[in-house]
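Have a look at the model first.

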Amino acid sequence: MKNIKFDYKNSFDFLNEDDLKKYDEKIKEVHNMLHNKTGKGKEFLGWLNLPSNFDKDEFDRIKICSEKIKSDSEILLVIGVGGSYLGARAAINMLGSTFQECIDNKSNKNTKIYFAGNNLSTNYICDLIELIGERDFSINVISKSGTTTEPAIAFRIFREILEKKYGKENASKRIYVTTDKEKGALKNMSDKEGYETFVIPDDVGGRYSVLTAVGLLPICVAGYNIDDIMNGANDAMLRLNNDDIFENESYQYAICRNIFYKLGKSVELFATYEPKLNFFCEWCKQLFGESEGKEGKGIFPAAATYSTELHSIGQYIQEGKRIMFETVFEIEDICKKLVIPYDEDNLDGLNYLDGKDVEFVNKKSLQGTVVAHTDGGVPNLIIKIPEINEYYFGYLVYFFEKACAMSGYLLGVNPFDQPGVEEYKKNMFALSNKPGYEDRKEEIEKKIYRK
Ligand code: PA5
């Protein structure tokens with residue numbers, strides 16, 4: 001297997017190897033802190049050894065349940081928000097057809113995965129109900145706390161539909177719950193109704209949970225090889241358990257981010273030239289945004305798909321405020337060939353590309369853009385992925401988790417909590433009359449309506 005490579009050569013106008021070397025001692029210190037579990041958020045480090053230290057019985061049960069779901073459901077509705085859905089969505093987006101949701105089941109035997117519970121849009125839910133229509137479906141509801149409002153509302157709505165369709169008892173055999181092993185509303189409901197349950201380990205936070213049943217069940221149902229994912233993650237775990245900054249590329253990436261941050265680069269743009277990586281970029285946004293954005297610190301994570309966004313925000317990137325750096329995903333072998341045809345008339349002037357692959361142009365676009373943006377004051381870091389498959393998905397997940405933990409510690413924050421997420425929830429509860437939030441309601445209403 002070729003390795004995923006991290007390349008920071010294009011940033012040599014902004015940093016050099018000597019700058020990295022200055023982090024040597026600090027990296028060793030943080031590496032030990034991480035592996036000896038002595039730093040902030042130390043109770044959430046279960047992800048560190050997850051690729052080898054996971055529940056093998058549960059892993060087998062994921063495969064068994066996937067087979068059942070595939071045999072009795074055209075659709076698996078995955079209900080969850082944040083870390084409870086983005087990992088699965090990233091994998092399915094990366095590994096499947098770009099248009100998988102449009103391919104009907106006659107030509108695509110795989111059970112389709114649809115996502116709900118990540119917004120409160122009536123349109124979204126109604127459209128999804130319409131889309132499911134008369135088709136057979138099952139639900140995988142995922143929530144570590146078991147109490148998050150968005151997935152709870154979606155679950156209530158779709159559970160009712162499921163129960164009306166199949167009757168309460170048969171519906172209960174189509175509900176798969178991924179939650180805490182002993183507490184929370186979802187766990188209580190599962191115990192009462194006899195739903196099949198999977199556990200989110202106590203020491204694995206939501207955004208670090210894709211390699212648990214949170215991600216693996218939907219990914220397996222979608223038809224992808226979860227053994228290969230774990231193998232990729234395991235190889236990353238072994239390779240990145242190394243405090244030598246010139247060998248550990250996830251730490252090199254974390255150092256570059258920290259240097260850029262100190263140079264005033266407060267926005268990181270995850271850029272992909274492959275739409276199959278769109279949701280992987282979304283997953284990265286959450287991972288870094290929730291892990292680092294606190295105490296008035298942190299790099300703001302954003303994402304862009306090129307060429308699409310070279311024609312929207314490209315102008316800003318090239319010449320706007322010099323506040324960003326880019327982390328570019330480059331896929332070395334897309335494993336497909338699409339040749340640009342020769343045209344006798346050549347009215348579009350494209351015959352200079354005759355016989356070349358579309359991917360040849362895409363690569364030239366990447367290389368040209370990296371140079372243009374770097375020359376324009378936006379340093380580029382490149383993650384080179386040999387090809388798209390389950391193994392590299394698993395590797396990438398672990399690479400970024402390790403980099404994020406290191407980066408958060410270099411910044412001096414706890415990379416494993418997300419206290420700020422609670423603020424909007426409290427206001428929403430108060431405004432929607434949740435018992436216990438009465439005092440807050442008056443105060444918030446004054447602000448909304450500027451009384
Ligand atoms: O990373 C996290 O912990 C969060 O993004 C959670 O995954 C998200 O808020 C959903 O929480 P829960 O799984 O408790 O419903």
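The points below take the ligand first, then the cavity.

1. Ground rules: this is a predicted model, where local features need pLDDT of at least 70, side-chain atom pairs count only at pLDDT 80 or more, and totals for chains, interfaces and linings use all residues. Residues are numbered from 1 along each chain as its sequence is written, and side-chain values use heavy atoms, leaving out hydrogens and water.

2. The ligand has 13 residues around it, and Ser143, Lys144, Ser145, Thr148 and Gln286 come nearest (near means a heavy atom within 4 Å). By class, that shell holds one nonpolar, nine polar and three charged residues (Ala, Val, Leu, Ile, Met, Phe, Trp, Tyr, Cys and Pro are nonpolar, Asp, Glu, Lys and Arg charged, and the others, Gly among them, polar).

3. For Glu290, a side-chain N or O atom lies 3.0 Å from an oxygen of the ligand. The protein covers 90% of the 380 Å² of accessible area that the ligand has on its own (Shrake-Rupley, 1.4 Å probe).

4. Now the cavity. Helix H14 (358-375) and strand E9 (324-331) each supply at least two residues of the largest cavity's lining, and H14 gives the most, with four. That lining comprises five nonpolar, two polar and four charged residues, including Tyr273, Phe329 and Lys363.

Notes. A polar contact is a pair of N or O atoms within 3.5 Å; within protein, one must be able to donate a hydrogen and the other to accept it, and residues adjacent in sequence count only if both atoms are side-chain atoms. On a 1 Å grid over the protein atoms alone, a cavity is a set of points where a 1.4 Å probe fits but cannot get out, and a pocket is an open set with protein on both sides within 12 Å along at least five of seven lines; lining residues have an atom within 4 Å of a point.
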